[in-house]
Amino acid sequence: MKKINSIFVLATAIVALFTLASCSKDNNTATPLNVDYPAAYVVNGQDATVSVIKLSTGEVTGTISFPSSDMITWPHHIAYHQGHLALGVPGMDFSGGHATTGSMPGKMLVLNATTGAILEDLDLPVMNHNTIYSPDGTEIWVPQMDMDGKVLVYNATTYALMNTITVGMMPAELTFSSDGTKAYVANGDDDTVSVINVATKAVITTVNVGDNPVGAWTGSNGQMFVDNEDGQSISVINVATNAVDQTIALGFMPGIAAHNGVKNELWVTDPMNAKVHYYTWDSGMGMWMDAGVINTGNGTHAVAFTTDGNTAYVTNQSAKSVSVINVNNHTVTKTIIVGNKPNGIVLKM
């Protein structure tokens, strides 16, 4: 009788393990998620995961992981729109800089922001620096990092390809103006930014900037801030005129430029020196002026501000961490450990 019971217990255990393994393979979250609170989503490039941080406590409350069969490698930047997350998956590590690359395929991922479930996993012909919702949320725009640069525009509900827009060589980040009328594409090999009419999908103009631009980052003040990686500068584009109003010489390779509209500060990450430099607007001189520096972690990269402008979250790629910064006194209040090579970050408030 004991032998029969032992066999039954062993068989039950084997079935349970098989069921658990099957469920783990099908579920793309490490633990069940219910993110019904304000949160930060941090993309861990090397791990190919997304850490979820509860903003009220500053604690990691969950991790979104992906089935190995999906071949999701080196996800990069992330965007949020009404309960959905969009991720660009270039399949390449950009933590050391954005050197010219050959054409290789990429992926577009769309996730449920509450549960972490994959809603769409779309293979792309060419690698993509980011994937982003249009301002009205009806479209998803995806740059294609190739010498024959293009932007693909998908229907955000059906994921059908709607438009293909030709831009410059090796386009990296795609962003939108704060009023939602224009899209900006940084063309790394052209040293230009393509400006696109969001409604008509036509390229309005091409703006010359510095050496190897990576992104034209959105300001709420009618400006776009282009981080020129090899030029070690920021080109400030006037949205109304499509002209460069100022070139800020940095003296270091920028990671990302982020504008805090509430405080009217421009933050530029300095990945090689583990710092964030911040600039304030001098109305008398009509330009941005260096105002100070904040020590963060190695590989400082992306910045996300809360809507009240009082708190910033900064990813540190080489330190496997996120720095929480009090914007009012420019001090780090907490360091949160996340996954390997954290790069993109977005807040759900």
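The model is predicted: local features need pLDDT of at least 70, side-chain atom pairs count only at pLDDT 80 or more, and totals for chains, interfaces and linings use all residues. Residues are numbered from 1 along each chain as its sequence is written, and side-chain values use heavy atoms, with hydrogens and water left out.

Serine 235 counts as buried because its relative accessibility is 2% (buried is under 20% relative accessible area, exposed over 50%, partly exposed in between, with a 1.4 Å probe and protein chains only). Among the residues that serine 235 touches is Phe225 (contact means heavy atoms within 4.5 Å).

Phenylalanine 225 is itself buried, at 0% relative accessibility. A search of the whole structure finds four aromatic pairs (rings of Phe, Tyr and Trp, its six-membered ring, with centres within 6.5 Å; planes under 30 degrees apart count as stacked, over 60 as edge-to-face and the rest as tilted). The rings of phenylalanine 225 and tryptophan 288 have centres 5.8 Å apart and planes at 80°, so this pair is edge-to-face.

Tryptophan 288 is buried, with a relative accessible area of 3%. Tryptophan 288 also forms an edge-to-face pair with tryptophan 281, at 5.4 Å centre to centre and 70° between the planes. Tryptophan 281 is partly exposed, at 35% relative accessibility.

Technical notes
Lists of a residue's contacts leave out its neighbours within four places in sequence.
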